[in-house]
Amino acid sequence: FDSPANKGWNEPDGSGKMLGNGFGWGQASHMLAWIYHVSDVTPIRVYCQMTHSEVTGADVSHSATITCDDGVVFSLSGTSLLPGYEHSKGKQVGKRVGIEIYGTEGTLIYGGDDQDPASGCLQLRTSDASDAGQVEINERKDIGFLFENTETSGFGPESLLEFVSVCEGDKPYVGASSAVGLKAVQTIEAMYRSNASGKVEDVL
């Protein structure tokens, strides 16, 4: 997002209506899609602040609070300022991801380095209502941390393989559905409006 050559990532489109471009559109969409897919909440209000690259003007960091229709409130923060790049010719560095969802029936934890599946796993922690000190931890270490497949060799990412399997007549696995995608896009659009106004903005 600091490279002027990456105009598609860093500059608003030609419509004159786009309030900036950068890390929010480029990366927050992935995180939000995962959150909305597993939680099935609907955003209604957003407050967000962003910092921007001095070179391109693109947003490089953000911090947002998202309020949902059923009383759920979650915070979303992200940055492109972690040194390293997953496709660099030198040492490859993956994205760092950390998700923690707290609820009345337990906590879901998922995070790690997306270049290293062994760096994390999906974990569910639940407590025994009859004994507040008793906690059960279920981990799926066999899955590992597989957030974003950036491998450029082989047969392609899972999304492409899923498309091919559907073309062959198999029943598809609907991951990020159109409803999930809409929620993610609406949230990011509200994040940019909130950053511009300095106020809480409704999700349209």
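Visitor: Why does Arg193 count as buried?

Guide: This is a predicted model, in which local features need pLDDT of at least 70, side-chain atom pairs count only at pLDDT 80 or more, and totals for chains, interfaces and linings use all residues. Residues are numbered from 1 along each chain as its sequence is written, and side-chain values use heavy atoms, with hydrogens and water left out. Buried means under 20% relative accessible area, exposed over 50%, and partly exposed in between (1.4 Å probe, protein chains only). Arg193 has 15% relative accessibility, and therefore counts as buried.

Visitor: What makes the contact of Arg193 with Glu189 a salt bridge?

Guide: The term requires a side-chain nitrogen of Lys or Arg within 4 Å of a carboxyl oxygen of Asp or Glu. The closest N and O atoms of Arg193 and Glu189 are 2.9 Å apart, so the pair meets this definition.

Visitor: Why is Glu189 called partly exposed?

Guide: Its relative accessible area is 29%, a value that falls between the limits of 20% and 50%.

Visitor: How do you know whether Asp142 is buried or exposed?

Guide: Asp142 has 60% relative accessibility, and so counts as exposed. Its salt-bridge partner is Arg140, with the closest N and O atoms 2.8 Å apart; Arg140, at 39%, counts as partly exposed.

Visitor: What makes Phe163 exposed?

Guide: Phe163 has a relative accessible area of 54%, and the term exposed applies over 50%.
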